[in-house]
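This report describes one predicted model.

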Amino acid sequence: MDWFASILFGFQITFQPANALYCFIGVFIGTLIGVLPGIGPGGTIAILLPVTFGISPVQAIILLAGIYYGAMYGGSTTSILVNIPGEAASIVTCLDGYQMARNGRAGPALGISALGSFIGGTFSIIILMFLVYPLANVALKFGPPEYFSLMCLGLTIIIYLVKGSVVKAVAMAFFGLILSTVGIDLVSGIPRFTFGSPVLLDGIGIVPLAMGFFGISEVLTNIEGPTERIIFKTKVGNLLPNREDWKRSTGPIIRGSLIGFLLGVLPGGGGVIASFVSYSTEKRLSKHPEKFGKGAIEGVAGPETANNAGAGGAFVPLFALGIPPNVVLAILWGAFMIHGVAPGPTLIRDHPEIFWGTIASMYLGNVMLLVLNLPLIGVWVKILKVPYRILMPLILIFCIIGVYSLNNNIWEIIIMVIFGTMGYILRKFDYEEAPLILAFILGSMLETAFRQSLVISKGHLSIFLVRPLSCVFLMIAALLFISSGFSHYRRVKAKVIQ
Amino acid sequence: MEKKYDILAAIFWIFVSIFAIAGSYKLKLGNFENPGPGLMPFLSGIGLLSVSIFIAGRSFSKIQKRSDIVKKVAPSKVNFIKIVVVLGLLVAYALLVEKLGFLFSTLLLLFSLFKIAGVRKVWYALAASVLAVILSYLVFTYLGIRFPTGIFDI
């Protein structure tokens with residue numbers, strides 16, 4: 001099947017009425033949760049995962065992927081109008097987007113954000129489409145040592161990029177690895193850490209864990225004292241940027257697309273890092289860096305393009321290698337597995353309808369998002385006004401129904417509440433959940449690759465160093481880990497966080 | 001949270017890691033040539049233990065150095081009662097949903113949550129709960145999810 005025939009095949013799948021509807025539902029929910037601070041795409045995918053059991057795998061993946069990239073669009077609305085990022089990838093948009101709104105230019109800020117997102121998103125899908133196939137062919141030659149080292153690198157990057165303490169992130173990653181070993185060991189058939197409970201024989205589910213850490217702990221944090229959302233009273237008015245805006249935004253959009261995609265592909269990457277790097281690049285390249293933070297349109301166009309390009313780029317390691325590069329795609333990886341589909345190099349061969357259908361749905365989804373985010377911006381502004389006292393009970397009910405419907409087992413609700421409480425307490429101690437969730441997802445794959453590598457090498461750990469690719473992955477991981485201890489790194493990180 | 005509380009988290013991690021190490025030791029570690037089911041949790045446990053000891057040591061030394069500052073720090077004012085009540089409600093719901101049925105128990109839970117969240121008017125909380133329960137029931141049942149009917153058989 002050549003490229004053209006393949007993408008045509010993808011569009012045939014996407015344009016089936018039911019699939020197009022699920023694509024719309026996905027991007028709509030994505031925009032909604034992007035707009036509403038309090039629950040991110042990871043939590044939403046986890047909550048809605050059980051809902052997808054009744055639909056086909058291709059519909060499920062189209063829906064859930066739509067939530068992910070849709071959230072990137074929606075997040076900018078709150079950043080610009082309320083100065084609260086709807087999700088992490090839009091944090092940097094607050095700096096200039098909100099200032100533009102204060103200067104009476106909310107319309108062009110929202111407009112360039114949506115148009116930049118569209119361009120970045122579309123660019124990343126095109127590159128994704130051409131990159132996955134050759135990369136998957138390379139990945140087919142990977143052995144267990146390469147997979148083990150690549151997963152170690154992914155975990156190291158996640159740890160390296162945490163906002164707070166690296167040591168605490170390492171602790172969370174180890175805890176995630178321990179949790180991933182709960183349940184029957186697939187090699188020996190021996191139950192591990194199950195305390196004799198049949199509920200734990202299959203291991204801890206990703207859904208109760210993710211919902212606990214993302215849904216319940218988020219709600220508990222907000223119960224403490226919900227933040228007052230003050231929507232800046234300004235006329236949104238004309239959303240289309242003028243000629244001068246376009247002139248100033250073209251460079252940032254092009255650079256944002258490239259930066260976003262490249263950083264999205266890296267394990268541990270995604271929209272968040274891409275938006276920060278794009279912002280700092282634009283500020284450095286600008287002839288008027290002093291205007292940044294005071295309503296420079298380049299500070300909105302670049303990062304918003306980058307976070308959407310990053311969202312598309314993040315699908316490359318998932319589709320080509322079967323390795324989720326960030327937490328949200330780790331939960332999507334769980335969705336693949338629950339639907340009996342293994343993402344990775346064999347995906348295109350075994351399930352072309354899912355691969356090409358999802359790619360084509362992203363094109364369609366991006367067009368839908370443009371329509372949802374430009375003419376319908378007024379609707380999202382109204383939704384912003386929904387008070388948290390109404391949202392909180394609904395989020396909790398969705399979490400409960402989502403977890404219960406997995407296996408019709410009340411103990412899964414209890415497990416979710418336990419992890420929710422743990423997540424809330426750990427947040428208080430400045431522990432971030434991302435390394436734990438990613439380590440938990442990668443844990444079983446990591447263990448299998450580690451054990452297989454040892455069996456292949458007859459017990460020689462040197463197998464990870466004598467294989468060139470594996471050695472390179474481990475060297476990069478080691479360098480990153482060591483550099484995170486340097487004071488220069490800590491200073492730069494503190495500056496970025498500020 | 002202030003550094004002085006890090007010691008509490010470190011102690012928790014030390015307990016978790018010792019539990020993992022002891023548990024995995026019982027599972028049989030095997031050797032590198034023939035790794036057993038306990039090897040991975042054992043190595044992860046060792047890793048966690050090392051990091052926990054480091055966190056504990058760092059936290060302890062900071063407490064020693066900055067004892068004067070620590071005394072001034074008061075825990076932030078957090079509505080813990082509200083949090084405990086919400087958690088209690090969730091656990092109670094999990095234990096009762098199969099006995100009372102989805103519709104009744106979810107209605108009770110939602111009403112309580114709306115009140116805790118700060119919805120003042122009873123009729124408003126009740127109406128929102130009824131609407132949310134009916135909508136979620138219809139949507140999720142349509143999607144093929146089966147809910148417990150409970151003793152009321154509804």
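Leaving aside residues up to four places away in sequence, A:L332 touches A:I45, A:L64, A:A65, A:Y68 and A:P324. Both A:L332 and A:I45 are the residues with the most contacts inside the largest nonpolar core, a set of 211 residues. Domain 1 (3–72) and domain 2 (80–142) of chain B each give at least three residues to this core. In soluble globular proteins, nonpolar side chains tend to be buried together.

A:I45 also has a place in a second pairing. A:I33 and A:I45 are twelve residues apart in sequence, and their C-alpha atoms are 10 Å apart in space. A:I33 belongs to helix 2 (residues 17–35) of chain A. Is A:I33 buried or exposed? A:I33 has 27 other C-beta atoms within 10 Å, and the threshold for a buried residue is 20 or more, so A:I33 counts as buried.

The same test applies to A:A311, which is found in helix 12 (residues 298–313) of chain A. A:A311 is buried because 34 other C-beta atoms lie within 10 Å, against a threshold of 20 or more. Along the chain, A:A311 and A:G260 are 51 residues apart, while their C-alpha atoms are separated by 7.9 Å. The two pairs are set out below.

| Pair | Separation in sequence | C-alpha separation |
|---|---|---|
| A:I33 and A:I45 | twelve residues | 10 Å |
| A:A311 and A:G260 | 51 residues | 7.9 Å |

**Helices of chain A**

Helix 16 of chain A covers residues 352–373. At 1.5 Å a residue, its 22 residues should span 32 Å, and the end C-alpha atoms are 31 Å apart, so the two values agree. Of these 22 residues, 16 are buried, which means that helix 16 of chain A is largely enclosed by the rest of the structure.

Helix 5 (residues 93–102) and helix 6 (residues 106–139) of chain A have axes that come within 7 Å and cross at roughly 140°. On the side of helix 5 of chain A, the contact is made by A:T93, A:G97, A:M100 and A:A101; helix 6 of chain A brings A:A106, A:P108, A:A109 and A:S113. By class, the residues of this contact are five nonpolar, three polar and no charged.

Chain B has six helices and zero strands, and its elements run α-α-α-α-α-α from the N terminus on. Of its 154 residues, 31% count as buried. Among contacts in chain B between residues at least 6 apart in sequence, those joining residues at least 24 apart make up 58%. Chain B is divided into domain 1 (3–72) and domain 2 (80–142), and the C-alpha centres of these two domains of chain B lie 39 Å apart.

How many residues does the contact take from chain B and from chain A? Chain B gives 52 residues and chain A gives 47 residues. Helix 1 (6–26), helix 2 (39–65), helix 4 (80–100), helix 5 (102–117) and helix 6 (122–142) of chain B each supply at least two residues of the side of chain B that touches chain A. Helix 4 of chain B provides the largest share of that side, eleven residues. The side of chain B that touches chain A consists of 36 nonpolar, eleven polar and five charged residues.

Note on methods:
Residues numbered from 1 in each chain as written. Chains lettered and ligands numbered in written order. Predicted model: local features only at pLDDT ≥ 70, side-chain atom pairs only at ≥ 80, totals over all residues. Contact = placed C-beta atoms within 7 Å. Helix = DSSP H or I, 4+ residues; strand = E, 2+ residues; numbered from the N terminus. Nonpolar A, V, L, I, M, F, W, Y, C, P; charged D, E, K, R; others polar. Domains from an automatic or database assignment. Axes fitted to C-alpha atoms, helices over the stretch in contact; angles between N-to-C directions. Buried ≥ 20, exposed ≤ 12 C-beta atoms within 10 Å, placed from the backbone. Expected span 1.5 Å × (residues − 1). Core = buried A, V, L, I, M, F, W, Y, C linked by C-beta atoms within 7 Å.
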